[in-house]
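Visitor: I am new to this structure and would like to learn how to read it. Please show it to me first.

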Amino acid sequence: MTEKALRLGTRRSKLAMAQSGQVADAVSQVTGRPVELVEITTYGDTSREYLAQIGGTGVFVAALRDALLRGEVDFAVHSLKDLPTAQHEGLVVAAVPEREDPRDVVVARDARKLTDLPDGARVGTGAPRRMAQLNAYARAHGVEIETVPIRGNVDTRIGYVRSGELDAVVLAAAGLNRVGRIDEVTDFLSVDTVLPAPGQGALAVECAADNASLIAALAELDDPFTRVAVTAERSLLAALEAGCSAPVGALADILADGQTVKEMRLRGVVGTTDGSTLVQLSTTGPVPETHEAALALGRELATEMLAQGAAGLMGERAH
């Protein structure tokens with residue numbers, strides 16, 4: 001008799017289905033059990049409001065977590081950047097698989113890069129974080145751009161460029177990679193220009209905290225370097241008391257000398273959406289050996305950023 005299929009809860013979007021499908025295959029290999037996708041509609045999927053208005057934090061996650069807690073699914077896959085920073089009672093992130101490309105990318109008309117967008121270019125993004133950094137970049141280089149709030153799936157967003165409504169849109173490289181559309185990118189943005197969202201490009205595989213055998217199986221998909229990096233980034237976000245929709249960018253990367261991992265650098269940025277003021281700092285130290293050390297790294301950098309006025313740049317702070 002074949003073992004009962006494991007049920008993986010996922011959002012219905014093409015991107016969520018693609019990334020959940022990849023995790024399902026990996027879990028199937030590790031456990032030897034079939035995995036079936038259970039599609040769940042979340043508030044973030046049905047609401048027509050902009051993410052900044054609906055609060056961002058948890059809007060794509062709550063329905064999946066409810067299904068987990070009710071036992072309707074065995075585990076769920078989230079885009080880590082959508083996950084609230086607070087630990088959820090009764091659930092555990094059993095795996096953070098190896099991260100995809102964390103960078104933001106531009107899809108522009110006429111194969112343009114960010115550096116050669118025309119004056120007055122209309123650039124679409126739903127993220128205050130991207131707006132703050134794109135506007136700061138434009139100010140620093142004497143360019144006029146207009147950031148336009150948009151939302152919707154990858155097709156919708158790229159459609160604004162194809163139809164001529166916008167000159168460019170900014171998206172996450174990881175999402176385009178996962179849906180097989182990376183060849184439409186006209187510019188990969190250096191993280192020196194635009195720092196990604198905390199956890200961008202990484203996935204979180206979550207299950208019930210009391211399901212020891214599943215936790216053990218899922219742990220085989222965990223990538224320790226990705227986990228410490230995103231832990232530090234999310235700790236920074238939490239210490240700034242900012243939600244997913246706040247204009248906060250963060251990236252922890254591993255600095256290696258050949259094959260030898262030397263140190264971890266954590267960079268953070270907070271800015272006003274018009275780009276007039278940015279607080280951008282970084283810290284470099286030994287790669288955290290423990291979850292606590294990774295949390296401490298994020299908290300320390302957040303403290304320095306707050307000392308330089310970060311709190312006043314975030315508008316309404318998350319409560």
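**Reading the sheet and the cores**

Guide: Strand β3 (residues 75–79) and strand β10 (residues 203–208) are antiparallel partners, joined over five bridges. Strands (E, at least two residues) and helices (H or I, at least four residues) are DSSP runs numbered from the N terminus, and two strands pair if DSSP finds at least two bridges between them. Within this pair, Phe75 is bridged to Cys207 of β10.

Guide: This is a predicted model, where local features need pLDDT of at least 70 and side-chain atom pairs pLDDT 80 or more, while totals for chains, interfaces and linings use all residues. Residues are numbered from 1 along each chain as its sequence is written, and side-chain values use heavy atoms, without hydrogens and water.

Visitor: In what order do the five strands of the open sheet run?

Guide: The order is β2-β1-β3-β10-β4, with mixed pairing. β2 (35–39) and β4 (91–95) each have a single partner strand, so one side of each lacks a neighbour in the sheet.

Visitor: Which residues have the most contacts inside the largest nonpolar core?

Guide: A nonpolar core is a set of buried (under 20% relative accessible area, 1.4 Å probe, protein chains only) Ala, Val, Leu, Ile, Met, Phe, Trp, Tyr and Cys residues joined through side-chain atoms within 4.5 Å. Here the largest has 22 residues, and those with the most contacts inside it are Leu236, Leu240, Met264 and Met305. At least two core residues come from each of α9 (224–239), β11 (248–257), β12 (260–271), β13 (278–286) and α10 (291–307). A second, separate core has 16 residues, including Leu6 and Val27.

Terms used. Buried < 20%, exposed > 50% of the residue type's maximum accessible area, 1.4 Å probe, protein only.
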